[in-house]
Amino acid sequence: MSAKRRAMYPGTFDPVTNGHKDLIRRAASVFDYVLVSIAANPGKAPMFTLDERVDMARRVLADIPNVEVTGYSGITIEYAREKGLDCVVRGLRAISDFEFEFQLANMNRHLAPEIETVFLTPQEQFTFISSTLIREIAVLNGNVGEFVDPYVAARLRERASERAVRAR
């Protein structure tokens, strides 16, 4: 019997998109357990709080049995080590992502050589989706329904409305 393969898919997930869900679903088919780890990352000034992002991801990913969602702060690779994980999964949407992700993977290997990094690419229809673009479309009252789960779309509409009211 081989050891269980346990991976982490870290990110800010502000908000979780259909592209994220695609990669998580595919990671869940490769690994026995996938911990979706949502970074506090206050330096990015997220639209949603950490608790809100964790809640949205849990709702969106609830149908994938071997996936768990948690929030964390601190160094990602240290969190992976603390959780006893074997691998960090990273998504590559475009060649422009590669340089940063390659540098990050090498730093992680230096800090925790026992933890591998695996890159997954999304299905073609998700390569242009980013949380940043989704937030921008939502703030401008655009339709994000084809890019995110219906629950996330509703939360984006609510948050965009709250921001519009505050801006008046």
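1. Helix 2 spans residues 50-61, and its 12 residues reach 16 Å from first to last C-alpha, close to the 16 Å expected at 1.5 Å a residue. The expected span is 1.5 Å times one less than the number of residues. Helices (H or I, at least four residues) and strands (E, at least two) are DSSP runs, numbered from the N terminus.

2. This is a predicted model, in which local features need pLDDT of at least 70 and side-chain atom pairs count only at pLDDT 80 or more, while totals for chains, interfaces and linings use all residues. Residues are numbered from 1 along each chain as its sequence is written, and side-chain values use heavy atoms, with hydrogens and water left out.

3. In helix 2, the buried residues are E52, R53, V54, M56, A57, V60 and L61. Buried denotes under 20% relative accessible area (1.4 Å probe, protein chains only).

4. E101 belongs to helix 4 (residues 95-111). E101 is buried, its relative accessible area being 8%. Leaving aside residues up to four places away in sequence, E101 touches R90, G91, L92 and F119; contact means heavy atoms within 4.5 Å.

5. One cavity of 30 Å³ or more is present. A cavity is a set of points, on a 1 Å grid over the protein atoms alone, where a 1.4 Å probe fits but cannot get out; lining residues have an atom within 4 Å of a point. The largest cavity is lined by A105, R109, P113, I115, E116 and T117. Helix 4 and strand 5 (116-120) are the elements that each give two or more residues to this lining.

Note on methods. Buried means under 20% relative accessible area, exposed over 50%, partly exposed in between (1.4 Å probe, protein chains only). On a 1 Å grid over the protein atoms alone, a cavity is a set of points where a 1.4 Å probe fits but cannot get out, and a pocket is an open set with protein on both sides within 12 Å along at least five of seven lines; lining residues have an atom within 4 Å of a point. Grid points are joined across faces, edges and corners, and a volume is the space filled by probe spheres set on the points.
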